[in-house]
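Good morning, everyone, and thank you for making the time.

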Amino acid sequence: MFSLEKRKTPSKAWSLATPILAVALTMIAGAIMFSLLGKPPLEALRTIFIDPIFSEQFGAYSRPQLLVKAGPLILIAIGLSLGFRAGIWNIGAEGQYIMGAIFGAAAGLALYPLEAWWIFPMMVIVGCLGGLLWAMIPAILRTHFNTNEILVSLLLVYVAEEILKAMATGALRNPDGGGFPGSRNLSKWVSSQNTEIIANSGMHWGVVTAFITVIFAYVLLSRHMLGFHIQLAGQSPRAAKFAGVNPKALVITCMGIAGGLAGLAGLFEVTGPAGQISTDFNSGYGFTAIIVAFLGRLHPVGIVLAGLLMALTYIGGELAQLMLGLPAASIQAFQGMLLFFLLAVDVLTNYRIRMNKGAK
Amino acid sequence: MDLSAINPAVLVASIMIAATPILLAALGELVVEKSGVLNLGVEGMMITGAICGFIVTVETGSPFLGFIAAAAGGAFLSLIFAVLTQYLLSNQVATGLALTLFGLGVASLLGHSYVGINPPSVPKLDLGPVSDIPYIGTMFLRHDAVVYFGIALTIAVWATLKYSRIGLVLRAVGENHDAAHALGYKVIRIRILAIMFGGACAGLGGAYLSLVRVPQWTEGITAGAGWIALAIVVFASWRPGVVLLGAYLFGGVTLLQLNLQAAGLAVPVEYLSMSPYLITILVLVIMSSRKGRASLSAPASLGHPFQASR
Amino acid sequence: MKLTSILKGAVAALALTGAAMADGHEKTKVGFVYVGPIADGGWTTEHNNGRLAIEEAFGDAVETTYVEKVPEGADAERVMTQMALTGHDLIFTTSFGYMDPTNNVAEKFPDVKFEHATGYKRLHDNVTTYSARFYEGRAVIGHIAGKMTETNKIGYIASVPIPEVIRGINAAYLHAKKANPEVEMKIVWTFGWEDAAKEGDAARALIEQGVDVIMQHTDTTAPMLVAEEAGAYAFGQASDMSAAGPTAHLTSIIDNWAPYYIERTQAVIDGTWEQKDTWDGISTGMVEFAEFSDAIPADVLAEAIAMKDAIAAGEYHPFTGPINKQDGSVYLAEGETPEDGPLAGMNFYVEGIVGDVPQ
C-alpha cells in the first residue's frame, strides 16, 4: 500500500508539471474513447487542442474567440477564488451572474431608446450591484444566523433561474419581438453595446475587466493586508482571530467581491456576445467557473490558464463535431475526464507518496 | 375554472410516483452528507443510472435486473468521485460538478442507439382486493414495487442512522472526522461506502424515470431532478422522514401547477416553481439559528477533506 | 500597421474562398446548427433526417456537417462563423433563437448562403427564412379530435407561448369545435420543449380531468406513452410517434424538411440560390401525416382527408371567417382569410378558448 505525506511547502516543480501530466493522461484516455467511437483519435485531439490556435484557415478567428469564451469564466473564478481561499464557499455564482445581467439590462432598457454615452457605464455599475446584492443574501444569512452559505447560494441559483424565465417572457420581453420571449438586443443598441475595443481581437470590455481583475487579485493576495487575512483565515481560523481578522467582515467582503464580479460577467455577456436576456441566457458559466477556480489552484495566473484551457475544449470540441462528426456527448465526457485528471494529479503538488512496506 | 375536476386521491397517487426518483436520490445524498461529504454530482449519477437501467431492461426483458444495473451504474460512477476526493483529496465541490458533466456525456453516448424504444413495463404490485378500497386504495395501494421500496428505504435509513451502530459511526465521521479517526474508525472507508450508497440510490432514481415515469430513453431525461434532490436534503435538515415530505412537496408543486392549469386556472408558474427553494432557505435559516440543536443542522465536517495524520 | 496587415490577410482569404466558390470547388458543403441533440426524437431529429436526405440525394457531390446542442446566443454565432470559415457553402440554422446570430454572421460572409428556420429577419441578401404551416396539420387533427372525443374534452400540451404554438392551438380548437360544438379544450403549458417527465405528468393531469384525446406541441413521446397506458387517444408531434403508442396513436404531424433541403442544396449547386421567405405546408409536403389509425371511423377519416386535400389544393384556409377573438371582437369577417404577416405574429386565442395566453 501507499500513503500520503503532506509536504511542508507545495512542490514548485510538481505544480508546474501536474497540469501537463493531466492533459497527457486525458489525451490518452480521450484517444481511446474516440477510437471506440470509430473516429481517428489523433486527428480528434489535434482538432480539439491545436487547430483552434494554429489553424491557418480559421485560427485568426478562433484565437480571439478563446478570450471571449474564457473572459467571463476568469472574471467569475477570480472572485470565487478569494472566498475559497478563506474557506467561504459561494457556489451560487450562476445565480449572481444571472441577476447581474437582469439588473443591468433592466436599468438600460428602462431608458430605451435614449442614446447617451453614460448608459453603458451606468448599466455596468447596476449589473455589478445586482450580483453583489444576490450574493449578500447567503453572506448575511451566514453572518447573522450561521446558515451554511454553500447551500443557500446554491438554492438561490434555482430562484434566479426562475426569475430569469419570468423576466424573459414578462417584464423585459421585447415589445417589438413578434410575441417571442427574450429582451431587445442590447448589442444592437449603441448606448448599451459592449463592443470589441480593437476589432477582431475578442477584447470586449468584459475581457479587459477580467484581465484587470487578475492583476488586482494578484497584488491583493501577495501585497495587501486583506489578502493576508484571506490566506490566514483559510489556513487557520484561530490564528486569524488572534491576528485581528473579523470573520464576519471577511465573509461579507469575499462574498461581495465574488457576487459583484459574477454580476459584471453577466452584464458584459448580455450586452455583448449573448446580446439579450432570454429564458436560457445562463449557459452554466457560474458553475464552470468553480471548476476553473480549482483547476487554476485558486491562483490568479493559474485561473487565467485554466479559463483558457476550458475555452479551448469548448471551441475545439465544436470543431471536432464539425470536422469529424463527433457527437456532442463525447466532448462532454472528454471535458469531464480532463477535469478528473486535473483534479486528481494536484495531490502530487501538496503531498509526497510513500510506499509502505509490510504491515499497515 | 373547475377545481372539482381535480381528484385529490389521484393527485396524491401521482405525487407519490413523481416524488419517487427524487426521493431515492435524496436519501442516498443524505447518507453521503451525513458522512461529511458533499457530492454535487447527483444529476450525473442519476442519468447514468437511467441509461444503465434502461439498457439492461431492454436487453434482458427484466426490469428487476435493470434496477440492479442502474444501482451498479450509479455506484460505479460515484466511485470515481470517491477515489478522487477521498484518496487524492481533490475538492468535493469541483469534483462533483465534473462528475455531473461526465455523467451527462457518458449517458448520452451509451443511450445513442436506445432512442425511441419502449422498455418492458414495470408491473404494479398486486395487493389483491385491498387496492380497491376507495380513496386509500387509489392513493396508496396501486403502485409498483419501487414506490414502496422508496418508502421502505426511508424508514430503513432513518432506523439505521438513529439506532444502529453503523449509523452512529457514520454520524460520528460526519460530525468530527478527527475524533472518529482517533476512536479507531476507518473514516475513508466509511465515506467511500457512503458515497457508493449515494450513487446506487441516485442510479435507482434515474432508472425509475426512464423505466416507469416516462418510460423511454431521451437525452437529458433527468432534466434537473438531481439538483432538486440536493435541495431536498437541505430542506429536510438531514432527517430521512422529512426527506420523504420534501420529495412530495417538491414533486407536488410541479404536479399541482399542471393540474391547476388543466383545470383552467391561470397559474404564475415561475413564482410557484421557485417557492420550494425559498421555503428551503427559510427552513435552513430557522434551523441554523436555533442554537444547541446540533442534530438539526448540517453535519459539521460537511465538505471538509480528511487526511489521517500519522 | 500590424492590424491593417491582418485585415488585408483576412480580405485576401475571403477573396480566395470566393474564387474557389466561383469555379465550383469539388464538393458543395452544407452545415447544420442544431439546438437539441440529433437523438431528441422530435424537432432536431427531423432536421437531421433532412440532412441525411441531402446526403442520399447528392451522394459524393455534397458533404454535410452538423453541430448539435448549440446554445442560442454567442455560442451559436461562433459555430456558424467556424462553419463559414471552413468552406461551407450553405448553412441551415434550425432554431428561432439563432435569428440574430445568423444575420450577424451572414453580414460577414456575403458568399455563404444562410437559411434560418422559423425566423423573420432577412437583413442581408444571403439570408433566407423558412418555416412550415404546422397549423394546417393541426386543423386536420383538430377535426379528428373533435369527432373522436367521447367526453368532449380535448387536452393540449403546449410548450412556450410563442405565435407558432398559439396559432396551432387556435387552428386545432376551431376545427374541433366545428366537428363537435360541445367540445372543450384544456390547455397545459410546460414552458419548455423537452422535459419528458413533466410532459407525461401534464398528460396524466389532463386525462384525470376527463380528457380522452391529447394533442401535444412539445417534443418528447411521454404524452403518447401516458395516453397508451391510460387508454386515451393522442396525436404525435414532429416525428411519427406511433411506436410509442400503437393503440393510442391516431396520427402524427410530421415535419418533413427533406424536399426543401434538397431543393435549396440543388439551387446552390446550380448557382440559382436566391433569398426568399418560405412558409410551406401540406401542399409541398413540408407538413405530412403519419399513417392514420384504424380507430378513426371511415367517415371521419374521409372528412379529414378531404380537408387535407382542400388545404393542399389551396381551396381551403384553416383560418376562414367568421372568426372572433377571445374577447368577442371580430378577427375575420365571413369568408375572409388572414394575410401571412399578421398570421405569423398571432398572439391571441380565438373565441371559445378558456384561459389566458401566459405572459
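I will go through ring pairs, then charges over rings, and finally a surface patch.

Please keep in mind that this is a predicted model. Counted over all chains, there are 35 aromatic pairs. Let me begin with Phe340(A) and Phe102(B), whose ring centres are 5.2 Å apart and whose planes meet at 70 degrees; since planes over 60 degrees apart count as edge-to-face, this pair is edge-to-face. The pair crosses between chains, running from helix α14 of chain A, residues 328-345, where Phe340(A) sits, to helix α4 of chain B, which holds Phe102(B). Phe340(A) and Phe102(B) are both buried.

The next pair, Tyr135(C) with Phe319(C), has its centres 5.6 Å apart and its planes at 45 degrees, and is therefore tilted. Tyr135(C) belongs to helix α5 of chain C, while Phe319(C) lies in the loop between α10 and β13 of that chain, so the pair ties together parts that are 184 residues apart in sequence. Tyr135(C) and Phe319(C) are buried as well.

Chain C also has a cluster linked by ring pairs, with Phe32(C), Trp43(C) and Trp257(C) among its members.

Turning to charges, the charged end of Lys69(A) sits over the ring of Tyr314(A), 4.6 Å from its centre, and that of Lys325(C) sits over the ring of Phe348(C), 4.6 Å from its centre.

Finally, on the surface of chain B there is a nonpolar patch that includes Leu125(B), Val130(B) and Phe140(B), with about 580 Å² of accessible area together for the whole patch. Val130(B) is found in the loop between α4 and α5 of chain B, and is partly exposed, with a relative accessible area of 38%.

Note on methods. Residues are numbered from 1 along each chain as its sequence is written. Chains are lettered from A and ligands numbered from 1 in the order in which they are written. This is a predicted model: local features need pLDDT of at least 70, side-chain atom pairs count only at pLDDT 80 or more; totals for chains, interfaces and linings use all residues. Side-chain values use heavy atoms; hydrogens and water are left out. Patches are made of residues with over 30% relative accessible area and no salt bridge: like charges are joined within 9 Å, nonpolar side chains (Val, Leu, Ile, Met, Phe, Trp, Tyr) within 5 Å. Accessible areas come from the Shrake-Rupley method with a 1.4 Å probe; for residues, only the protein chains shown count as cover. A salt bridge is a side-chain nitrogen of Lys or Arg within 4 Å of a carboxyl oxygen of Asp or Glu. Helices (H or I, at least four residues) and strands (E, at least two) are DSSP runs, numbered from the N terminus. Buried means under 20% relative accessible area, exposed over 50%, partly exposed in between (1.4 Å probe, protein chains only). Rings of Phe, Tyr and Trp (its six-membered ring) pair if their centres lie within 6.5 Å; planes under 30 degrees apart count as stacked, over 60 as edge-to-face and the rest as tilted. A charge sits over a ring if NZ of Lys or CZ of Arg is within 6 Å of the ring centre and within 35 degrees of the ring normal.
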